[in-house]
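Please read the points below alongside the coordinates.

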Amino acid sequence: MRRASRLAYFLVASAALAGVSAVQKVTRQGRYLYKADGSRFYIKGVAYQPQGTVNPDDPNNAFGEPDSFIDALANSTGCSRDLPFLQQLEVNTIRAYSVNSSLNHDDCMNALSQAGIYTIIDLSLPVNGSIDRDSPAWTTNLLDLYINTIDTFSKYDNVLAYNVGNEVITTANATAAAAFIKAAARDVKAYLSVPSSALVGYAAIDADDSWLVPFANYLSCDPSGSNDGDTALDLFGLNNYEWCGDSQPSVYNNKNGAFAGYNVAAYFSEYGNVQCPPRLWTEVGTLFSEPMTDIWSGGIAFSYFPAQSAAGQFGMVNISSDGTTVTTGDDFNRLKTQYGQTSPPNSPSASGSTTFPACPTQNSTFLASTTLPPTPNDAGCNCLNSAFACRFTPTVADPSSIIGVLINQACGDLGGAGGSCDAIAANGTSGVYGAVSFCDASTKLSYVMDAFYEATNSNAQSCDFAGNATVNSQAPSNSAAVASAISACLAAVPSTFTPSAPASTSGGAAATGSSGSGSGSGNADSGALAFDAPAVVGVLVSAVFSVLGGLLVLA
Ligand SMILES: *[C@@H]1O[C@H](CO)[C@@H](O)[C@H](O)[C@H]1NC(C)=O
Ligand SMILES: *[C@@H]1O[C@H](CO)[C@@H](O)[C@H](O)[C@H]1NC(C)=O
Ligand SMILES: *[C@@H]1O[C@H](CO)[C@@H](O)[C@H](O)[C@H]1NC(C)=O
Ligand SMILES: *[C@@H]1O[C@H](CO)[C@@H](O)[C@H](O)[C@H]1NC(C)=O
Ligand SMILES: *[C@@H]1O[C@H](CO)[C@@H](O)[C@H](O)[C@H]1NC(C)=O
Ligand SMILES: *[C@@H]1O[C@H](CO)[C@@H](O)[C@H](O)[C@H]1NC(C)=O
Ligand SMILES: *[C@@H]1O[C@H](CO)[C@@H](O)[C@H](O)[C@H]1NC(C)=O
Ligand SMILES: *[C@@H]1O[C@H](CO)[C@@H](O)[C@H](O)[C@H]1NC(C)=O
């Protein structure tokens with residue numbers, strides 16, 4: 001007996017050391033998820049992210065989104081405190097909204113894996129770490145952010161999916177941003193195809209079907225018309241708060257109808273309305289049985305940690321002020337009871353193939369072009385930065401706070417000198433993307449500053465911008481040479497390619513145990529808020545950073 005248990009302990013320990021999977025690989029086949037043994041996989045999940053701080057004075061933060069985050073998956077003390085409670089809930093998945101790729105996640109990720117719990121990792125971060133809903137672009141800084149996170153997490157066996165955004169689009173007039181989200185999915189998918197089987201997802205705010213449905217179909221369609229999934233999501237998440245209190249299953253009729261023929265997997269990336277207390281979680285029985293299991297692959301209950309939003313107070317537990325003790329609420333116990341009773345059908349069996357239909361056509365409620373923006377290209381932007389004769393030289397600690405203003409100023413100056421900011425503009429409706437539009441905001445600003453400097457005959461006073469710009473003494477010697485160097489940088493840029501890890505990546509912290517193969521991962525973007533009619537969602541990710549705000553006016 002004793003011997004057997006020691007042996008068992010030894011086997012478990014050595015399996016862990018050898019990196020043997022504690023969880024089965026989950027793949028998408030057609031519109032459903034399957035474990036390696038062929039059984040259907042349903043996401044029985046809970047959101048696991050402490051709420052960041054919300055700065056109500058931030059003029060960019062119209063949505064009350066947090067402007068900081070706490071990476072709970074990097075805190076082994078917190079994780080081991082919470083794991084027994086996650087196990088009591090019988091969840092098989094947690095969703096984390098923001099993680100820091102420079103921290104070590106080994107303890108938490110491995111403990112979750114040993115407990116059979118997968119993770120859905122959102123790649124975006126608050127503030128500037130997400131595709132901007134008001135001025136969308138798909139840029140090197142976001143792609144690199146995403147790749148750094150993927151590289152940090154690719155060594156774990158329990159990453160189910162990476163989300164390329166959360167509630168980036170909240171209204172029909174912003175649906176042009178879908179082109180940038182789809183490009184993010186394309187590039188992340190290409191990057192993942194190298195080392196990983198993780199799925200590529202997006203979490204959408206629930207909204208009017210006149211734009212939500214074409215948006216969902218657009219993210220899973222093939223613009224080339226040849227049944228090719230290269231730009232398609234694997235996993236569409238709907239942040240759905242329709243069930244309130246003790247609703248009837250018919251509340252879902254409309255969404256069920258809208259997604260009845262969807263071609264890839266779909267799930268509720270958040271659910272659990274607080275506006276008809278008490279939360280009974282009786283939707284669990286409906287979501288995890290037919291006919292909803294024909295359409296959806298489960299959902300993520302929102303939220304384990306307390307989270308305050310305009311729609312009310314969420315959260316199933318409280319953590320003591322010293323961080324040591326978890327107190328569960330009635331919400332927790334009711335969800336636990338409901339999750340304990342699920343028995344979704346293990347059908348249909350895996351079919352293997354997926355159809356990627358043509359994309360929805362543009363109309364007044366769905367504005368995105370099927371011409372996608374290019375893959376952001378670090379080498380191209382670095383090349384430009386060497387070629388510019390006049391460049392942005394930030395003197396403040398957080399340049400992102402002034403870049404938008406300076407771009408507007410510089411574009412105004414350039415316009416006055418007969419030039420234009422078209423090269424840095426990206427329009428997801430017309431499908432016209434300026435040659436420099438994939439670069440980070442700082443490079444775009446330098447581009448405009450340089451163009452103004454050239455347009456004014458390299459007058460030194462033109463390269464100033466109240467002390468924010470400096471002449472680059474290493475640049476080519478005259479305007480013609482600068483122009484030709486810039487052209488050469490841009491001519492070398494392919495429109496789409498499989499991205500690689502950024503050269504300067506700090507890399508994941510302390511990757512231990514796994515192969516250390518070091519193939520990068522990366523570039524990324526997006527994410528943003530959440531809420532909706534009854535709802536609240538996106539509590540954690542946001543991105544209302546209006547760099548380029550003025551461009552729209554000037555273009
Ligand atoms: C990630 O963590 C490092 C180390 O604590 C910190 O310096 C950095 O600011 C964090 N990054 C973000 C985006 O929070
Ligand atoms: C959409 O309309 C709202 C309300 O009129 C406005 O605040 C927002 O800036 C618009 N967004 C875009 C991307 O046009
Ligand atoms: C736009 O097309 C979608 C289908 O792709 C449709 O649901 C929506 O109603 C259309 N909008 C208008 C204003 O016709
Ligand atoms: C980790 O979580 C514990 C428990 O909540 C907390 O006391 C501690 O400050 C956290 N550590 C970090 C580095 O955030
Ligand atoms: C957490 O504490 C707050 C304040 O005391 C209370 O209103 C709330 O109900 C508690 N939540 C849970 C889940 O117990
Ligand atoms: C966001 O802004 C901070 C501060 O300027 C910067 O360090 C960081 O790299 C930016 N992140 C992205 C993804 O652009
Ligand atoms: C984008 O292009 C469309 C035409 O396709 C135009 O109506 C719209 O104003 C442009 N948007 C911006 C922000 O320039
Ligand atoms: C840079 O630009 C910002 C925004 O316009 C301005 O506030 C600041 O004074 C300028 N100069 C320096 C040295 O930061």
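The numbered points that follow take up the conventions, the sheets, the helices, the ligand and the backbone in turn.

1. This is a predicted model, in which local features need pLDDT of at least 70 and side-chain atom pairs count only at pLDDT 80 or more, while totals for chains, interfaces and linings use all residues. Residues are numbered from 1 along each chain as its sequence is written, chains are lettered from A and ligands numbered from 1 in the order in which they are written, and side-chain values use heavy atoms, with hydrogens and water left out.

2. Eight strands make a closed barrel with parallel pairing, in the order β3-β4-β5-β6-β7-β8-β9-β10. Strands here are DSSP runs of E with at least two residues, helices are runs of H or I with at least four, and both are numbered from the N terminus; two strands pair if DSSP finds at least two bridges between them. Neighbouring strands of this sheet are turned against each other by 25 degrees on average, direction ignored, with axes fitted as lines to C-alpha atoms (for helices over the stretch in contact) and angles running from 0 to 180 degrees between N-to-C directions.

3. Strands β1 (residues 26-29) and β2 (residues 32-35) pair in the antiparallel sense over four bridges, with Q29 opposite Y32 in β2. The two strands form a hairpin with two residues between them, and G30 in the turn has a positive phi of about 60 degrees.

4. Helix α6 (residues 209-219) lies across β7 (199-205) and β8 (235-239), and runs at about 170 degrees to β7.

5. The axes of α2 (residues 76-89) and α9 (residues 330-340) come within 8 Å and cross at roughly 50 degrees. That angle makes α2 oblique to α9, since angles under 35 degrees count as roughly parallel, over 145 as roughly antiparallel, 65 to 115 as roughly perpendicular and the rest as oblique. In α2, F85, Q88 and L89 meet F332, L335, K336 and Y339 of α9, where contact means heavy atoms within 4.5 Å.

6. Ligand 2 is surrounded by D134, N173 and A174, a residue being near a molecule if one of its heavy atoms lies within 4 Å of it. The protein covers 36% of the 360 Å² of accessible area that ligand 2 has on its own, as computed by the Shrake-Rupley method with a 1.4 Å probe.

7. Some backbone geometry deserves a look. A cis peptide bond joins F302 and S303, with omega about 15 degrees, and S303 is in the loop between β10 and β11 (307-309). Another cis peptide bond joins S347 and P348, with omega about -5 degrees; P348 is in the loop between α9 and α10 (378-387).

8. E90 has a positive phi of about 60 degrees although it is not a glycine, and its place is in the loop between α2 and β4 (93-96).
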